[in-house]
Structures are given as C-alpha cells and as structure tokens.
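Here are some notes to read alongside the model, written for someone new to structures of this kind. Please keep the sequence and the picture open while going through the points.

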Amino acid sequence: MTSEVVNAPRRQSRRGASFRDAGPPVALIVVFLVFAALSPQFRSLDNVANIVDAAAVLAVVTCGITFVLMMGSIDLSAAGVMGASALTVSLLVANNRNDNDFGLLGIAVAVLLGCAFGCLSGLALVLLKVPSFMATLGMSAVGLGVATLMFAGVQPNISDTMVKGLAIERFLGLSYLTWIAAGCVLVGWLVQRYTRLGRYAFAIGGAEEVLALSGVKVKPYKVAVFTLAGAFYGLAGVMVTSQLGAGLVQAGDGYDFSAITAAVVGGTLLTGGRGGIGHSAVGVLLVMVLTNGLVQVGVSPYWQGGVEGLIVVAAVAAAVIPQRRRNQVVK
Amino acid sequence: MNIVLRPAAVIMSLSLAAAVLSGCSEQAAGGNDTAAGGEAACEPSAVRLVGQVRNESNPYEASWLAGGDAFAKSVGLTQERLTYDGDSTKQQEQISQILAGDTKCLVMNVLPNGDSDTAPIVKGADQAGAYLVTQWNKPADLKPADYKTWLSHITYNGVESGQQIGDALATAIGGSGGIIALQGVLDTAAAKDRFAGLQKSLEKNTGVKLLDQQAANFSRAEALTVTKTLLTKHGDKVKGIWAANDDMALGALEALQQAGLAGKVAVVGIDAVPDAVTAVKNGTMTATVSSDGSWQGGVGLAIGFCAATGKLKVEEIAKDNRAFFAEQFLITKDNAGEFAAPKTNPADFECGNVFNRVAGPLT
C-alpha cells in the first residue's frame with residue numbers, strides 16, 4: 001500500500017522529465033532571440049562573450065547554493081563568506097597593505113575559509129537545530145564582521161599580476177575567470193551526478209525521513225553540502241577580488257539573492273529534491289541575458305528593475321506550467 | 001482558561017502602564033536638563049564626544065571617524081565610535097542608548113541613514129539637551145534654527161559637484177565626443193542632484209553627447225558589469241565616463257582595463273576615496289570631488305565641543321551657519337598630492353574657524 005503511494009507519482013514525474021525540464025532552456029532561447037532581434041549590438045560576438053564573462057561569478061555562487069537548495073535547505077551566507085574571502089585573498093597575495101605574496105596559496109586559504117564558514121553553518125543546522133535560514137544569515141553577518149575587521153579602514157588593492165590577470169587575460173575570447181566558472185559547473189555536475197554526496201543531497205531534499213529510516217546518516221552529508229557550498233562562495237569571493245582589483249567587504253553584496261533567483265529560474269525548486277547544476281547554469285545565463293539585454297535595447301534605468309522582476313516571474317511561471325497539474329502545494 | 005489569563009492580563013497592563021509612566025517622567029526629567037545643560041558650560045574634560053556613521057568598511061566613513069579621533073585627541077578626549085551598518089533601526093537604538101546615559105555634556109556628530117531618520121534623532125537629542133550636528137541627510141522642513149541644541153546641519157551641493165566633474169570630463173576629452181553616465185541609487189538625493197549637475201554641464205558643453213545613462217547603485221561591482229555592457233553597446237564612441245561616485249568610477253576603470261581600453265577613456269567620480277585620489281594622481285582617472293571626510297568627522301564634534309564648553313553661544317551662531325553647504329574641492333592631477341592622505345588641520349577645528357568652510361546656506 002505505502003510503496004504504491006510513493007511509487008505512483010515518482011513514475012509519473014520520470015515520464016514527464018524531459019518535457020518539464022525544457023521550460024527554462026526554452027525561455028533562455030526565447031529571451032535571447034527577442035533581444036537579438038531588437039538590438040544588433042546585443043547579438044554581436046563581443047557582447048555574447050561579455051554576457052558569459054559577466055555570468056562567471058554568479059555561476060560559481062549558484063553552483064554552491066544549488067546543492068543546498070536541492071537538499072531543501074536555504075543558504076543566505078554567500079554575501080558574508082564572499083566578503084571575508086575577498087579580504088583574505090587580497091591581504092594574502094601581493095597588495096598595498098602588507099608584504100605578503102603567497103599567490104596561489106592565498107587563493108587556497110580563502111577557499112578553505114569559505115569551507116570553514118560553510119561547515120559552521122552546517123554544524124549549526126544539524127547539531128544546534130538552527131533552521132538553515134537563520135544559521136546562514138547569522139554566518140553571513142559573521143563573515144561581514146570578519147571582513148570589516150580585516151578591512152581596518154584601508155582598502156587593500158591587489159598588485160598580484162596572476163590574480164589580476166585572471167580577469168584580464170583571455171583564452172579563446174573568454175576571460176580565465178569564465179573558464180574557472182565553467183570548470184566549477186562541470187565539477188558541480190560531476191559531484192551531483194556521480195558521487196554519494198550529490199545523490200544524497202537530492203534524496204535529502206526529496207524525502208529526508210525516508211532516507212534516515214533506511215539507515216543513512218544524513219547529518220554528515222548535510223554538513224558536507226554546506227561545506228562544499230562555502231568553498232564555492234570562497235572561490236567566488238576570490239573571483240570578485242580579481243575583477244575589481246581590490247578586496248571589498250561588499251564583494252558579495254546581492255549575490256545571495258541573485259543566486260537563489262538564478263537557481264529557481266533555472267528550475268531548482270526551493271522545496272528541494274529537484275533541479276540541479278545544469279538547471280542552475282541555465283538560470284544564471286537567463287538572468288545575465290536579461291540584465292545585459294535590457295541595457296542593450298536601451299530600457300531606461302528607471303524602468304529596468306521593475307521590468308527585470310516581471311520577466312523573472314513570467315519565466316518561472318512558464319517553467320513550472322508542466323508541474324501545475326501535479327497538485328503541488330506552493331509555499 | 002479565562003481565570004488563568006486574567007491575572008496575567010492585569011499584571012501585563014499594570015507593567016505596561018508603569019512603563020508608559022516612567023517613560024513620561026524620564027522625558028520630563030530630560031526636558032529639565034535641557035535648561036540646565038544649555039546654560040551652564042561644561043568643563044572641557046567632562047565633554048563626551050560621539051561620532052556615528054554607517055560602517056567602517058568604506059574608506060570615506062573610516063576617514064570621517066579618523067577625523068573625529070584627531071579632533072578628540074587635540075582636546076584631550078576620546079571619541080566614541082558608533083556604526084550602525086546602514087540599518088535605520090539600529091541607528092535609532094544606538095542613539096536612544098546614548099541618550100539614556102548622562103547627556104549633560106554630550107556632543108554627537110551623526111550621519112543619519114536617510115532623511116526620515118533625522119527627525120527622531122533630533123527630537124531625542126533636543127529632549128535630552130545633547131549637542132547635535134547632523135550631516136548629509138535631513139528633510140527640507142526640519143531646521144536646526146528651530147532647536148536649541150541641534151547646532152548645525154552640514155551637507156554638500158551635489159548639483160555643483162556633478163557639474164564640476166562634468167566640466168572636467170568635457171575638458172579632458174577636448175570638448176567633444178560621447179560619454180556615458182553611471183548613476184547612483186536612483187531614489188537618493190545625492191544621485192538626483194549629481195546627475196542634475198551633469199545635465200547642467202552638458203548644456204554648457206554642447207559638443208559632449210550623453211550616449212547612455214545607467215544606474216550602477218554606487219557599487220563598484222555593478223559599475224564594472226554595466227560599463228562592460230555599455231562599452232560593447234557603444235564601442236569606441238565612448239570617450240569619457242561620468243560616475244556619480246568614486247566606487248563606480250573605479251569599477252569603470254577595471255572594466256576599461258579588461259576591455260583593453262585603459263588610458264583611452266577619461267573617467268571622473270565624486271567623493272575622493274583614497275584609491276580614486278591615487279588614480280587621479282597617476283593620471284588613470286581625470287578628476288574627483290572631495291567633501292573631506294576627515295574634516296566632516298572632526299568639525300561636527302568641534303562645533304558641539306565649542307558650544308558645550310561655552311566658547312560658542314548657540315544664539316550667536318549665524319542663521320546661515322545652522323544649515324549649510326560646505327565647501328568641496330575638485331581634485332585633478334595638479335592638486336591630487338595634497339589630498340593623497342586624509343589629514344586634518346587642527347586650525348580648522350578652533351572655535352572661531354568651525355564655520356570657515358560654509359559655501360552657502362542650505363535652502
């Protein structure tokens with residue numbers, strides 16, 4: 001009896017998988033074509049490269065957040081972790097504040113710091129039972145606090161040519177940062193597809209109780225997912241620093257919600273158990289095409305915010321049309 | 001159920017009433033203090049100096065607090081540094097905590113988060129008899145001259161600074177060519193005034209054409225993305241970039257570097273953050289405007305200190321000095337060296353000189 005109830009919807013959803021997942025990519029293509037028709041500059045190769053370059057940081061943050069969302073939790077720590085990591089890396093590579101010049105090691109430390117923050121969020125969730133919303137929001141504040149302490153009134157500007165070069169040097173027409181982001185998406189996809197961590201993240205989001213009852217210890221996996229997400233935020237902080245040439249406390253400003261938006265637009269549900277890295281990557285591109293396209297076609301800045309919001313809501317609505325008949329409760 | 005609840009309700013309403021009563025009596029007591037505090041001069045060593053800004057994580061507000069420290073040190077005191085992270089509620093809480101203590105010789109130099117945050121701060125300080133100087137934000141109809149201890153409101157003429165850098169940009173590109181403008185948060189007075197200044201400058205410099213204007217919300221990261229997009233949109237028609245603050249100007253500089261256009265496009269900003277001043281000095285940036293944050297941090301406390309110690313009579317402060325536009329400085333390559341390190345001049349903070357930088361009354 002029970003197994004029937006569980007099985008029925010699952011089989012149904014698997015059958016509809018390809019149709020349901022087509023929503024966001026179709027929306028991406030439609031939005032792209034509309035802008036391309038309206039603006040010759042938009043469809044230029046330069047601008048396409050520009051869009052992909054601009055998407056790099058958001059893509060990395062979204063990779064991290066996607067794992068957390070798949071698990072049915074939420075993560076608002078990106079802004080703080082990125083700020084802390086940005087300050088850390090800018091003070092460890094060659095800069096105008098001190099004599100450090102650790103190069104790659106500095107980047108590694110910043111990423112590890114991100115891991116540590118993520119791990120703490122995860123531990124607060126599983127050990128102290130703080131809801132992920134609050135745990136990560138708190139961790140964001142801690143990150144910003146740490147960043148402000150390191151900032152100490154003087155902005156660290158980086159002079160490390162390697163770190164600065166990541167944003168400036170190009171390979172096949174795209175900046176190195178973009179290739180790093182592409183690498184992150186690939187790694188994220190492999191983790192999601194082929195590792196126990198990725199599979200369990202899905203399963204925890206789908207039905208945590210069932211997983212726990214079948215003898216899986218979910219807690220370590222939850223902590224691991226938050227740690228992985230933290231690593232992505234740490235890397236994103238490094239990337240922003242490379243782009244701006246300076247360590248900013250505000251390096252991650254707004255990325256937490258942009259990343260959640262991108263993930264949801266791409267079809268990763270906030271309720272967990274659905275979506276994934278591929279979806280989120282499409283979502284990131286959709287958001288970036290939108291912001292770029294509105295400037296290129298010359299929508300007045302006074303209108304842009306509102307227009308962008310409307311299109312995002314419309315895109316999400318279009319993407320979930322196939323799911324509407326599933327009688328799903330939307331909160 | 002009801003029987004259990006009733007005593008609780010009685011206790012709660014009693015304590016509520018008590019709280020309200022004590023609140024009233026506190027206010028009344030504060031009111032009496034005003035009269036005393038306004039007349040009897042404080043010992044210089046008894047003055048308590050408080051500087052409050054949004055956060056210490058940007059160079060401008062950090063230099064503000066440093067200026068406050070410098071002034072406090074010059075009179076043998078220390079400044080209490082308060083930051084409220086751009087959170088209006090937190091700012092009000094901090095103010096009420098400060099005002100709940102001894103307010104007789106209290107001097108506050110405050111950066112209100114927004115226009116609407118000024119009124120409660122002024123009201124609180126007035127009731128407690130604390131000397132207050134506010135900067136940047138206040139609603140037009142709220143005037144320091146109507147209050148006894150709200151000594152002065154200092155702000156800067158955004159139209160003027162927007163125009164100054166607009167003119168500098170026009171000169172830098174040789175009087176003709178296309179420019180793009182990066183606006184701040186569109187619904188702030190600073191963004192509106194500065195952009196109005198650019199438009200005034202454009203009327204004068206007819207050869208300069210505004211190709212595009214976009215909001216980058218005063219943010220370096222957003223300016224980077226927006227500038228890259230605008231550069232692909234307008235290509236080499238862009239000869240200059242006008243940014244409503246330096247953070248955006250610096251973001252635009254990074255975008256130019258990434259597009260391989262560094263040094264080919266003139267960039268101007270406002271605020272004179274240290275990095276921008278360095279960039280002006282190096283010639284990568286054309287101009288910026290300084291409000292002199294460390295002066296702002298020092299002079300607000302100095303005005304209050306002079307009033308508290310009786311060296312400055314509140315009634316004798318000229319009406320135009322109660323709310324004024326302060327002098328601001330256009331920084332170009334010629335004078336960038338002087339502004340490279342934020343520093344204060346102790347002479348600016350002497351009681352006779354605190355109003356030396358009044359550029360005009362705030363209307």
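1. Of the contacts in chain B with a separation of 6 or more, what percentage is accounted for by residues 24 or more positions apart? The share is 78%, where two residues are in contact if their C-beta atoms, placed from the backbone, lie within 7 Å.

2. This is a predicted model, in which local features need pLDDT of at least 70 and side-chain atom pairs count only at pLDDT 80 or more, while totals for chains, interfaces and linings use all residues. Residues are numbered from 1 along each chain as its sequence is written, and chains are lettered from A and ligands numbered from 1 in the order in which they are written.

3. The model scores ipTM 0.81 and pTM 0.78. Chain B averages a pLDDT (the predictor's confidence in each residue, from 0 to 100) of 87, and 89% of its residues score at least 70. Over residues 24-38 of chain B, however, the pLDDT is below 50, although this stretch has 16 contacts in the model beyond near neighbours in sequence. Where pLDDT is low, the predicted coordinates should not be read in detail.

4. The secondary structure of chain B comes to 11 helices and 13 strands; helices (H or I, at least four residues) and strands (E, at least two) are DSSP runs, numbered from the N terminus. Of the 363 residues of chain B, 52% count as buried, a label that requires 20 or more other C-beta atoms within 10 Å of a residue's own, whereas 12 or fewer make it exposed and values in between partly exposed, with C-beta atoms placed from the backbone.

5. One sheet of chain B is open and has four strands in the order S7-S6-S8-S9, with parallel pairing; two strands pair if DSSP finds at least two bridges between them. S7 and strand S9 (266-268) of chain B are the edge strands, each pairing on one side only. Strand S6 (residues 177-183) of chain B is joined to S7(B) in the parallel sense over seven bridges, and B:Ala181 stands opposite B:Gln213 in S7(B). Helix H6 (residues 189-204) of chain B packs on this sheet, where it touches S6, S7 and strand S8 (238-243), and its direction makes about 170° with that of S6(B); axes are lines fitted to C-alpha atoms, for helices over the stretch in contact, and angles run from 0 to 180 degrees between N-to-C directions.

6. Another open sheet of chain B has seven strands in the order S2-S1-S3-S4-S5-S11-S13, and here the pairing is mixed. Its edge strands are strand S2 (79-83) and strand S13 (358-361) of chain B. Strand S11 (residues 323-326) of chain B pairs with S13(B) in the antiparallel sense over three bridges, and the bridge partner of B:Phe325 is B:Gly360.

7. Turning to the interface, 27 residues of chain B are in contact with 28 residues of chain A. H7(B) gives the most to the side of chain B that touches chain A, with 10 residues.

8. Not counting residues up to four places away in sequence, A:Gly188 touches A:Cys63 and A:Ile277.
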